[in-house]
Amino acid sequence: MTSTGTVAAVDLGATSGRVMHARVGADTLELTEAARFPNTPVRVWEGDRAALHWDVTGLYASVLDGLSSVARSDPGLASIGVDSWAVDYGLLRGGRLVGEPYHYRDERTEGGVSVVHAAVEPARLYREGGLQFLPFNSLYQLAVDAAEGALAAADRFLLVPDLIGYWLTGTQYSERTNASTTGLLLDNGSWNEALIDALGLPWRVFPPLVSPGTRLGRLLPSHEFGFSRSGPTVTAVGSHDTASAVVAVPMDASRAAYISCGTWGLVGVELENRVISDDGRAANFTNEGGVDGRIRYLHNVMGLWLLSESIREWQRRGLHVELAGLLAEAAELSRPTDVFDAEDPRFLAPGDMPARIADWFEERALRAPASPAGVVRVIVESLAAAFAETVRTVATLTGVPVQAIHIVGGGARNALLCQATADRSGLPVLAGPVEATAIGNVLVQARAAGFLSGDLESLRALVARTTQIIRYDPR
């Protein structure tokens with residue numbers, strides 16, 4: 001193991017992306033932001049409707065700009081790793097992308113649910129794949145593509161981080177933590193061939209599987225970034241952003257829960273084995289792959305999407321608002337008597353979030369908050385209530401004696417949300433690191449490159465030694 005080395009994390013979230021430059025060693029963990037850029041979906045007319053797509057080629061251009069910035073300061077960079085949100089993918093034919101990937105919030109996924117459930121009973125899907133039901137899971141999207149003939153014209157599907165990795169190296173693969181979110185991966189980490197056949201999906205589109213830490217290849221010669229002649233290696237990380245984030249949670253997994261809080265709030269615990277129970281299925285808990293073969297047993301809560309979409313709506317109306325100011329105003333308001341169900345499906349699609357929240361209250365003859373600050377406060381308290389209830393449920397389902405909640409990601413800098421979660425759960429909340437996903441990405445690369453060694457607990461101990469964690473005790 002060498003003393004220190006440098007790597008770069010490409011971390012693509014559902015609302016923004018970033019390229020982070022990191023120096024890592026046994027007692028060193030230093031990250032610098034090389035680039036940050038928006039990830040803005042686009043609507044494209046498709047004959048009879050406006051479909052929602054990711055601008056993945058524009059996103060890739062921003063990634064290349066970020067890596068060029070890293071190369072100017074560090075031509076000897078050792079490794080690059082890519083993570084992103086889950087479930088979405090690009091279709092390729094002859095190595096060429098066939099259209100921009102669909103966004104998981106696009107309405108087309110609704111048709112895939114009925115197609116899949118007509119062919120395979122939901123109980124079998126849960127028993128074999130272990131995933132909570134979400135209408136945009138990859139297998140439902142692939143069923144739509146098969147029904148529309150898109151798969152007949154494709155010879156490969158690549159999840160978003162795998163697609164970026166292919167463009168960087170020319171290598172087509174599927175990393176297991178993200179592949180586990182497709183619903184088509186068995187517990188042993190291989191594709192579920194029987195289920196793929198039952199759904200009528202062509203076997204040829206499924207790429208080889210690799211695990212985090214696999215060195216995939218060097219940058220293609222066409223990438224003239226200014227790195228040294230040999231160039232950095234592209235390394236598979238926990239390419240599902242939550243898998244990377246959980247690596248960086250400075251927790252004792254035997255007695256803690258985590259919330260990876262960004263666009264979504266992923267609330268769960270880390271386990272050695274899947275929990276496939278009727279109670280878990282009824283509670284809509286998922287078993288997703290983690291780094292080093294761990295299981296991320298968790299439930300998706302709507303997350304900070306509720307806040308960001310509300311702010312977008314107010315700005316569309318011409319109001320001059322920003323999140324920090326609204327949170328400060330919201331903190332001065334009294335705690336609301338009533339909260340709404342943050343998991344109501346009406347809040348999934350883009351649109352007028354404040355109006356939908358108002359409708360939820362009015363349908364129940366409850367008074368909806370009138371001001372933007374009031375809406376922000378009720379969103380925060382509703383999310384905190386959902387987080388607290390989910391933590392209680394996961395403790396019951398798994399037997400993990402949860403004594404603390406770790407919040408990482410963007411939600412860790414939201415003091416009002418962290419305190420509300422502590423208050424409503426009755427447990428201390430430990431907030432940070434904010435850039436957990438990029439840190440987890442970096443740690444897996446550094447270990448593969450020989451700058452670090454040890455298990456996940458060793459990596460988390462480094463995070464604890466080098467990162468500020470803020471504690472919120474219940475009031």
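C418 sits at 0% relative accessibility, so it counts as buried (buried is under 20% relative accessible area, exposed over 50%, partly exposed in between, with a 1.4 Å probe and protein chains only). Keep in mind that this is a predicted model, where local features need pLDDT of at least 70 and side-chain atom pairs count only at pLDDT 80 or more, while totals for chains, interfaces and linings use all residues. Residues are numbered from 1 along each chain as its sequence is written, and side-chain values use heavy atoms, leaving out hydrogens and water.

**Cysteines**

- Searching the whole structure turns up zero disulfides (a disulfide being a pair of cysteine sulfur atoms within 2.5 Å).
- For C418, the closest cysteine sulfur is in C261, and at 7.8 Å that's too far for a bond.
- C261 counts as buried too, with 1% relative accessibility.

Helices here are DSSP runs of H or I with at least four residues, strands are E runs of at least two, and both are numbered from the N terminus. Axes are lines fitted to C-alpha atoms, for helices over the stretch in contact, and angles between N-to-C directions run from 0 to 180 degrees.

- Helix 10 (residues 305–316) packs on helix 13 (residues 372–398) at about 165°, with the axes 10 Å apart.
- That angle makes helix 10 roughly antiparallel to helix 13 (under 35 degrees is roughly parallel, over 145 roughly antiparallel, 65 to 115 roughly perpendicular, and the rest oblique).
- On the helix 10 side, the contact uses L306, L307, S310 and W314, and on the helix 13 side P372, V375, V376, I379 and L383 (contact means heavy atoms within 4.5 Å).
- Helix 11 (residues 323–331) crosses helix 13 at roughly 80°, and their axes come within 8 Å.
- So helix 11 is roughly perpendicular to helix 13.
- L326, L327, E329, A330 and A331 of helix 11 touch P372, A373, V376, R377 and V380 of helix 13.

- G432 to P433 is a cis peptide bond, with omega near 5°, and P433 falls in the loop between strand 19 (429–431) and helix 15 (436–449).
- N284 isn't a glycine, yet its phi is positive, near 60°; N284 belongs to the loop between helix 9 (278–282) and strand 16 (286–289).
- With a relative accessible area of 21%, N284 is partly exposed.
- D292, also not a glycine, has a positive phi of about 60° and lies in the loop between strand 16 and strand 17 (295–301).
- D292 is partly exposed at 40% relative accessibility.
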